[in-house]
Amino acid sequence: SASAAGDEEEQVVAVFACPAGACVGDSECKEGRTGPVCGICEDGWTMSGSECEFCGRVISDKAEWLFPIIVLVLLLIWYIVSWRPMFMPLAVEEATYNDDEIFRSKKGGSKA
């Protein structure tokens, strides 16, 4: 028969030290770092030697589709504002012509 000590599994706990300069305090990563033991650079940062360096603004997923939509809306507004006056006089003339024609047909219809 096996002894009680032989049935127990050994548990190994691995403890890693934070790389020099990667952590601030006991459990907080330095700016630009994330992940286990602050060993990964955040988005918008790149690894240079043993340091994470800021490499520019990161555009969010929303901003990638928001900018083209704003441009399209502005172009639509420009189109409506700049082209509408060209077609407006034609619409006014047609309305006036139709109103005169309707008036004449009513006037002519009452004579008969």
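## The salt bridge between Glu51 and Lys30

In this predicted model, the side chains of Glu51 and Lys30 come together in a salt bridge, with a nitrogen-to-oxygen separation of 3.4 Å. Glu51 belongs to strand β6 (residues 51-54), while Lys30 sits in the loop between β2 (28-29) and β3 (33-34), so the pair ties together parts that are 21 residues apart in sequence. A search of the whole structure finds 1 salt bridge.

## Confidence and overall layout

The mean pLDDT of the protein chain is 75, and 62% of its residues reach 70 or more. Among the elements of the chain, helix α1 (residues 4-7) has the lowest mean pLDDT, at 56, whereas β3 has the highest, at 91. Where pLDDT is low, the predicted coordinates should not be read in detail.

The protein chain holds 2 helices and 6 strands, and from the N terminus on these elements follow the order α-β-β-β-β-β-β-α. Of the 112 residues in the protein chain, 7% are buried. Among contacts between residues at least 6 apart in sequence, 0% join residues that are at least 24 apart. The accessible surface of the protein chain comes to about 10,100 Å², and carbon and sulfur atoms account for 61% of that area.

## Three disulfides and their geometry

A search of the whole structure finds 3 disulfides, and when the bonded cysteines of the protein chain are numbered in sequence order, the pairing reads 1-2, 3-4, 5-6. A disulfide is a covalent bond between the sulfur atoms of two cysteines. One of the links is formed by Cys18 and Cys23, whose sulfur atoms are placed 1.5 Å apart in the model; with 75 degrees about the S-S bond, this link of Cys18 and Cys23 is right-handed. Cys18 is partly exposed, with a relative accessible area of 28%, and Cys23 is also counted as partly exposed, at 25%.

A disulfide also joins Cys29 to Cys38, with a sulfur-to-sulfur distance of 2.0 Å, and the torsion about the S-S bond of Cys29 and Cys38 is about -90 degrees, so this disulfide is left-handed. The cover of the two ends can be stated separately: Cys29 is partly exposed, with a relative accessible area of 25%, whereas Cys38 is buried, at 4%.

Cys41 and Cys52 form a disulfide in which the sulfur atoms lie 2.0 Å apart. Cys41 is in strand β4 (residues 40-41) and Cys52 in strand β6, so the pair ties together parts that are 11 residues apart in sequence. The torsion about the S-S bond of Cys41 and Cys52 is about -90 degrees, and the disulfide is therefore left-handed. Cys41 is buried, with a relative accessible area of 17%, and Cys52 is buried as well, at 10%.

Cys55 counts as exposed, with a relative accessibility of 54%.

## Surroundings of Glu28

Glu28 is found in strand β2 and counts as exposed because its relative accessibility is 52%. Leaving aside residues up to four places away in sequence, Glu28 touches Cys23 and Cys38. Glu28 and Cys38 are 10 residues apart in sequence, and their C-alpha atoms are 8.1 Å apart in space.

## A nonpolar surface patch

A nonpolar patch on the surface is formed by Phe67, Val71, Leu72, Leu75, Leu76, Trp78, Tyr79, Ile80 and Trp83, which together have about 970 Å² of accessible area. Phe67, one of the residues in this patch, has its place in helix α2 (residues 61-111) and is exposed, with a relative accessible area of 60%.

Conventions:
Residues are numbered from 1 along each chain as its sequence is written. This is a predicted model: local features need pLDDT of at least 70, side-chain atom pairs count only at pLDDT 80 or more; totals for chains, interfaces and linings use all residues. Side-chain values use heavy atoms; hydrogens and water are left out. Helices (H or I, at least four residues) and strands (E, at least two) are DSSP runs, numbered from the N terminus. Buried means under 20% relative accessible area, exposed over 50%, partly exposed in between (1.4 Å probe, protein chains only). Contact means heavy atoms within 4.5 Å. Accessible areas come from the Shrake-Rupley method with a 1.4 Å probe; for residues, only the protein chains shown count as cover. A salt bridge is a side-chain nitrogen of Lys or Arg within 4 Å of a carboxyl oxygen of Asp or Glu. Patches are made of residues with over 30% relative accessible area and no salt bridge: like charges are joined within 9 Å, nonpolar side chains (Val, Leu, Ile, Met, Phe, Trp, Tyr) within 5 Å. pLDDT is the predictor's confidence in each residue, from 0 to 100. A disulfide is a pair of cysteine sulfur atoms within 2.5 Å.
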